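Reader: Please pick one part of this model and take me through it closely. I want the cut-offs with every term.

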Amino acid sequence: MNVSLVLIIIMAVLFACGVYAMLERSLTRVLIGFLLLGNAANLLLLIMIGAPGDAPFFQEGADAETFSDPLPQALTLTAIVITFAVSAFLLALIYRSWQLGQADTVEDDVVDVAVRRRSAEADEEMDEEITEEDDDATTDFVDVASLPITVLGSRDVPGLREDAPVDRGYLPRTDDDDPDGGTR
């Protein structure tokens, strides 16, 4: 298989420029970078096709060795559709960003900046809160009041039935579980 070196270089440049453009803060440049990546992927699939051949249709007396591979062509069509859909989504984001702030740049969130500025001392202080006695603890919830889930019983809610059916699969009953004394 003889692949043109020029196509490989162009594909590599498109990938590099696309990744570089996607790392910018401007959403327009992110869109351009994504389009460059999509075109580089299509070029990669074009390179994968190999030597041109006959159309892969059934022909009387045609040799299967001369057919071109239809899979990269189908993947290229799929890549085109995905690139179009994501580009439309990014255009909608850019338009909405322009409507709200008259700019298409992504600014840092205030909370993200505060987390980034948190000092190493605060991290060490958080680590020191865990004492050697608490190393075996598997959760951050210390007592019942701080649990995120409260298990209710029949004494907590008047209408709650303890004998309600549960989805636990089949468990054989024992004489202790059955109020009738083990008879069914």
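Author: What follows is a close look at one helix, then at its surroundings.

The model is predicted: local features need pLDDT of at least 70, side-chain atom pairs count only at pLDDT 80 or more, and totals for chains, interfaces and linings use all residues. Residues are numbered from 1 along each chain as its sequence is written, and side-chain values use heavy atoms, with hydrogens and water left out.

The part is helix α3, residues 70–101. Helices here are DSSP runs of H or I with at least four residues, strands are runs of E with at least two, and numbering starts from the N terminus. By that rule the protein has five helices and zero strands. The order from the N terminus is α-α-α-α-α.

Start with the length. α3 has 32 residues, and its first and last C-alpha atoms lie 47 Å apart. The expected span is 46 Å at 1.5 Å a residue, so the two values are close. That expectation is 1.5 Å times one less than the number of residues.

Next, burial. Buried means under 20% relative accessible area, exposed means over 50%, and partly exposed lies in between, with a 1.4 Å probe and protein chains only. In α3 the buried residues are P72, T76, A79, T83, S87, L90, I94 and S97. An α-helix has 3.6 residues a turn, so residues three or four places apart point the same way. The buried residues of α3 pack against α2 (27–49). Across the protein, 16% of the 184 residues count as buried.

L77 also lies in α3. L77 counts as exposed because its relative accessible area is 57%. The C-alpha atoms of L77 and N42 are 8.6 Å apart, although 35 residues separate them along the chain.

S97 lies in α3. Its relative accessible area is 18%, so S97 is buried. Contact means heavy atoms within 4.5 Å. Leaving out residues up to four places away in sequence, S97 touches L27, Q102, A103 and D104.

Q102 follows α3. Its place is in the loop between α3 and α4 (110–117). The phi of Q102 is near 55°, positive in a residue other than glycine. Most residues other than glycine have a negative phi. Q102 is exposed, because its relative accessible area is 52%.

D104 turns up again in the contacts of S26. S26 touches D104 and T105, once residues up to four places away in sequence are left out. S26 sits in the loop between α1 (5–22) and α2. Its relative accessibility is 15%, so S26 counts as buried.

E24 and R29 form a salt bridge. The term means a side-chain nitrogen of Lys or Arg within 4 Å of a carboxyl oxygen of Asp or Glu. The side chains of R29 and E24 meet at 3.7 Å, N to O. The count by this rule is one. Side chains of opposite charge can pair when their charged atoms come close. R29 is partly exposed, at 47% relative accessible area. E24 is partly exposed too, at 28%.

M11, L14, G18 and A21 are its buried residues. They share the same side of α1, because they cover an arc of only 100° around the axis. The arc is that of the directions from the helix axis to the C-beta atoms. α2 is among the elements that cover the buried residues of α1. L5 and Y20 are exposed on the other side of α1.

L5 belongs to a nonpolar surface patch with I8, I9 and V13. Patches take residues with over 30% relative accessible area and no salt bridge; like charges are joined within 9 Å, nonpolar side chains (Val, Leu, Ile, Met, Phe, Trp, Tyr) within 5 Å. Together the four have about 360 Å² of accessible area. Such areas come from the Shrake-Rupley method with a 1.4 Å probe; for residues, only the protein chains shown count as cover. I9 lies in α1, and its 47% relative accessible area makes it partly exposed.

Last, the whole protein. It exposes about 15,400 Å², with 60% of that from carbon and sulfur atoms. Among contacts with a separation of 6 or more, 53% join residues 24 or more positions apart.
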